[in-house]
Protein chains: 2
Amino acid sequence: MPNRWGYSQFVLLGFTFLFAAASAIAQPADPLPSWNDGAAKKAIVDFVQTTTTQGSAAFVPPAERIATFDQDGTLWVEHPIYSQLMYCLDRVPAVVKAKPELAKVEPFRTVMSGNREAIARLPMKDLEKILVATLTGMSVDDFNAEAKKWLSTAKDPRWKRPYTELTFLPMQEVMKYLRANGYKTYIVTGGGQDFVRIYSEEVYGVPPEQVVGTAGATKYGYAKDGKPFLTKEPRLLLNDDKAGKPEGIHLMIGRRPYAAFGNSGGDREMLEYAKAGAGTRLSMLVLHDDAEREYAYGPAKGLPATKVGTFPQALYDEAGKQGWVVISMKNDWKKVFAFD
Amino acid sequence: MPNRWGYSQFVLLGFTFLFAAASAIAQPADPLPSWNDGAAKKAIVDFVQTTTTQGSAAFVPPAERIATFDQDGTLWVEHPIYSQLMYCLDRVPAVVKAKPELAKVEPFRTVMSGNREAIARLPMKDLEKILVATLTGMSVDDFNAEAKKWLSTAKDPRWKRPYTELTFLPMQEVMKYLRANGYKTYIVTGGGQDFVRIYSEEVYGVPPEQVVGTAGATKYGYAKDGKPFLTKEPRLLLNDDKAGKPEGIHLMIGRRPYAAFGNSGGDREMLEYAKAGAGTRLSMLVLHDDAEREYAYGPAKGLPATKVGTFPQALYDEAGKQGWVVISMKNDWKKVFAFD
């Protein structure tokens, strides 16, 4: 009996159908315009089509569509030094100003000297002291404000642009393409979770709650006016690197990703973990082999890895064995940056 | 120039508009049908309207709409004992079978005796031993399979129904109402994160990645066939109770919730933290004052709190001072359970 309500339901259904049809017509032919045709691009498109086509044996229900991306070296430039480490080094003068006794203590003395070569030689345990001094001991709000200010002014010395512009356009396209097909995209980074969350939404379209990173504890307390606030503590909760990546994924997401993207030895376990799941999975490894447009390092040997992750030849050999797909920056990407 | 493409865009816009209009007509008048009219219901509706109406001074951008819900006692029955603790007690025979020497050791001896009064008297440190023995030391996959099996067969002794049916219908309505208005709903529970994630999607429509709970570390390793897997370790990462709730919210979500719902002393800090944010915030406290349809305990004093959280009168006094809204189960809810 077509009463008014029955009629609107009918009209609604018709509209929904036409809307879907019109959307299909409007969809651009190539979701990955910055990619050259080749095995890498094909692997991504095949993965999306197989896992999102109703009736396909490898169909993944929308709720389970999770894709994880390493950040440094996978989504943006990490060479010759991680942007977050630049932030920490840039914060040292303010830390020393607040605690003048540090000026005579290593590694703060070296950082204050401005001697770039000496700074580049600082061992890991000294870098850790700098991280603790510049990333903890303040309120979450103060940290956010400081880091935000730095991000809006600091520039990469080679490109003379804010670090947040140095993201790889082809990887941005992969994230958008996956999201357009119902995947939730996560960043799973060895970098600081709080740091990356500040710009993840603006830069990658990834909301803070979809950033898994190296995370310290916070401590809940009260200001003089009684308002509660959180202080960043030096106690490490999650070292989101190597085995810490699948462990962090379990802690923060609770589902195994169907697709994972990385570029260094720190991503091996995440790529293994994703690929070992049931059904069709995609694990990809970005190879930095483009000295001209970006950098060449690791197995590409154009530059040594200094303050960035490890890139053993064995990792790329493993890619072949485990069915991970290697992305050659030089051959697979038409453009590297949006500003190219 | 209305070429074919321009025309489909125009049609598309028209459809979108009509679709939205039809949806508006189809929306039911009362989003909270199981709630009696009163201050609690009004607070929820006012909050949603104020924070989601474009142009409202308290408008919250969709990306920032986060609402957090305690589980035990807020979303489902917690009395006289948490369901997860029942799971752990029920698992003890299997643990003792695997390690027969435990049969003579406390607290396992008492649990194996089946003496309910003695079990109810076990001190917290004994309960912790039971939690460690039954929730850690196995693979994540084995734990998930065991807990799932238990959830599908175990029944609450009073209602003779699966625990997952003992959720409060009015709170389910609040979650749906918030989601329909662009809020992401999170469970923030003192219970085990891995345990709650097993049924959160099915029972509450909350995906595993939106469950923040008490969480232990996992350890990444390899099976004999080389397949990677995660083992649940006894090392605690997050005690998601009291101050641990805002700390857990920061770790797992990274944004302060606009609305928070709790029912015990374990939720105080979460309610404070939410309410202390800028703009319009909603903090609500469920009062168990319905001995007939559910239980009366805490300030309602019908029953003492035994193995469940603390409910000091002071908490309810604080509600008034801090502008939290108390939900009286007896007066505010027309129905408690869907099966009522």
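Mentor: Start with how the copies are related. This is a predicted model. Chain B is superposed on chain A by a rotation of 180°, with 0.0 Å of shift along the axis and an RMSD of 0.0 Å. The two copies are therefore related as by a two-fold rotation axis. Both copies use the same surface: 100% of the contact residues of chain B recur in chain A.

Now the contact itself. Chain B gives 46 residues to it, and chain A gives 46 residues. The size of an interface is often given as the accessible area lost when the parts come together. Here chain B and chain A bury about 4000 Å² between them. Of that area, 60% is on carbon and sulfur atoms. The rule finds 6 salt bridges across the interface of chain B and chain A. Take A:E209 and B:R255: their side chains meet in a salt bridge, at 2.9 Å from N to O.

Next, the rings. A pair of aromatic rings is described by the distance of the centres and the angle of the planes. Over all chains, the structure holds 36 aromatic pairs. One of them joins A:W150 and A:Y163. Their ring centres are 5.3 Å apart and their planes stand at 10°, under the 30 degrees cut-off, so this pair is stacked. A:W150 lies in helix 7 (residues 140-153) of chain A, while A:Y163 lies in the loop between helix 7 and helix 8 (169-180), so the pair ties together parts that are 13 residues apart in sequence. Both A:W150 and A:Y163 are buried.

Compare a pair in chain B. B:F47 and B:Y183 form a tilted aromatic pair, 5.6 Å centre to centre with 40° between the planes. B:F47 sits in helix 2 (residues 39-52) of chain B, and B:Y183 sits in the loop between helix 8 (169-180) and strand 2 (184-192), so this pair ties together parts that are 136 residues apart in sequence. B:F47 has 3% relative accessibility and so counts as buried. B:Y183, also at 3%, counts as buried as well.

Back to chain A. A:W150 and A:Y163 belong to one aromatic cluster, with A:W76, A:Y87, A:F143, A:F195, A:Y199 and A:Y204. Rings in chain A also have arginines over their faces. A:R161 lies over the face of A:F339, at 3.9 Å from the ring centre. A:R281 lies over the face of A:Y258, at 3.6 Å from the ring centre.

Note on methods. Residues numbered from 1 in each chain as written. Chains lettered and ligands numbered in written order. Predicted model: local features only at pLDDT ≥ 70, side-chain atom pairs only at ≥ 80, totals over all residues. Heavy atoms only, no water. Phe/Tyr/Trp six-rings, centres within 6.5 Å; stacked < 30°, edge-to-face > 60°. Helix = DSSP H or I, 4+ residues; strand = E, 2+ residues; numbered from the N terminus. Buried < 20%, exposed > 50% of the residue type's maximum accessible area, 1.4 Å probe, protein only. Lys NZ or Arg CZ within 6 Å of the ring centre and 35° of its normal. Least-squares fit on C-alpha atoms with pLDDT ≥ 70 in both. Contact = heavy atoms within 4.5 Å. Buried area = accessible area lost by both parts, 1.4 Å probe. Salt bridge = Lys/Arg side-chain N within 4 Å of Asp/Glu carboxyl O.
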